[in-house]
Amino acid sequence: IKQITEELKLFPIPAKDFVELHIGNAELLRDFQTVHIYNNLGQRLREEEITFGDKQIRVSTSDLSEGVYSIVLINSNGESITKKLLIAEQ
């Protein structure tokens, strides 16, 4: 999980309408099927099913207010990867 967390990159930062999750080796994320977005109070705002068939996926963030969020990827074993997500009104 540590290697995946280090390789997983979010673009653009700060995000506005969407954020893309990139990884050099999509095989590392093939078991990750769910993405959650949490606000800074720990409230889950969204849950989406995802497929890393490619080296990137796009997640819409257009409905999120300016601020700091956590984006959490969860695999079929219940393991998770958490990244900080910054949303800015540009």
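Predicted model: local features only at pLDDT ≥ 70, side-chain atom pairs only at ≥ 80, totals over all residues.
Visitor: Which strands form the open sheet of four?

Guide: The order is 4-3-6-7, with antiparallel pairing. Strands here are DSSP runs of E with at least two residues, numbered from the N terminus, and two strands pair if DSSP finds at least two bridges between them. Strand 4 and strand 7 are the edge strands, each pairing on one side only.

Visitor: By how many degrees are neighbouring strands of that sheet turned against each other?

Guide: On average by 20°, direction ignored. The axes are lines fitted to C-alpha atoms, and angles run from 0 to 180 degrees between N-to-C directions.

Visitor: How many bridges join strand 3 to strand 4?

Guide: Five bridges join strand 3 (residues 32-38) to strand 4 (residues 44-49), and the two run antiparallel. Within that pair, Val 35 has Glu 48 as its bridge partner, and His 36 stands opposite Glu 47.

Visitor: And what is the other open sheet, the one of three strands?

Guide: Its order is 1-2-5, again with antiparallel pairing. The edges are strand 1 (9-11) and strand 5, each of which pairs on one side only. Neighbouring strands of this sheet are turned by 25° against each other on average, direction ignored. Strand 2 and strand 5 run antiparallel and are joined by five bridges; Val 19 has Val 59 in strand 5 as its bridge partner.

Visitor: Changing topic: which residues of the largest nonpolar core touch the most other members?

Guide: Val 19, Leu 21, Leu 29 and Leu 73 do, out of 22 residues in that core. A nonpolar core is a set of buried Ala, Val, Leu, Ile, Met, Phe, Trp, Tyr and Cys residues joined through side-chain atoms within 4.5 Å. Buried means under 20% relative accessible area, exposed means over 50%, and partly exposed lies in between, with a 1.4 Å probe and protein chains only.

Visitor: What does Leu 73 touch?

Guide: Not counting residues up to four places away in sequence, Leu 73 touches a list that includes Leu 8, Leu 21, Leu 29, Phe 32, Ile 50, Phe 52 and Ile 81. Thr 34, Glu 79 and Ser 80 are also among its contacts, a contact being heavy atoms within 4.5 Å.

Visitor: How many salt bridges are found in the whole structure?

Guide: Seven, each defined as a side-chain nitrogen of Lys or Arg within 4 Å of a carboxyl oxygen of Asp or Glu. Side chains of opposite charge can pair when their charged atoms come close. One of the salt bridges joins Arg 30 and Glu 27, whose closest N and O atoms are 2.4 Å apart. Glu 27 and Arg 30 also belong, with Asp 31, to a network of salt bridges.

Visitor: Last topic: in the loop between strand 3 and strand 4, is Asn 39 buried or exposed?

Guide: Asn 39 is buried, with a relative accessible area of 15%. Leaving aside its neighbours within four places in sequence, Asn 39 is in contact with Leu 45, Val 68 and Tyr 69.

Visitor: And where is Leu 41?

Guide: Leu 41 sits in the loop between strand 3 and strand 4, and is exposed at 67% relative accessible area. Its backbone nitrogen lies 2.9 Å from a polar atom of the Asn 39 side chain. The C-alpha atoms of Leu 41 and Tyr 69 are separated by 9.1 Å, the two residues being 28 apart along the chain.

Visitor: Which residue of that hairpin takes a positive phi?

Guide: Gly 42, with phi near 85°, in a hairpin that has five residues between the strands.

Technical notes:
Residues numbered from 1 in each chain as written. Heavy atoms only, no water. Polar contact = N/O pair within 3.5 Å; in protein donor to acceptor, adjacent residues only side chain to side chain.
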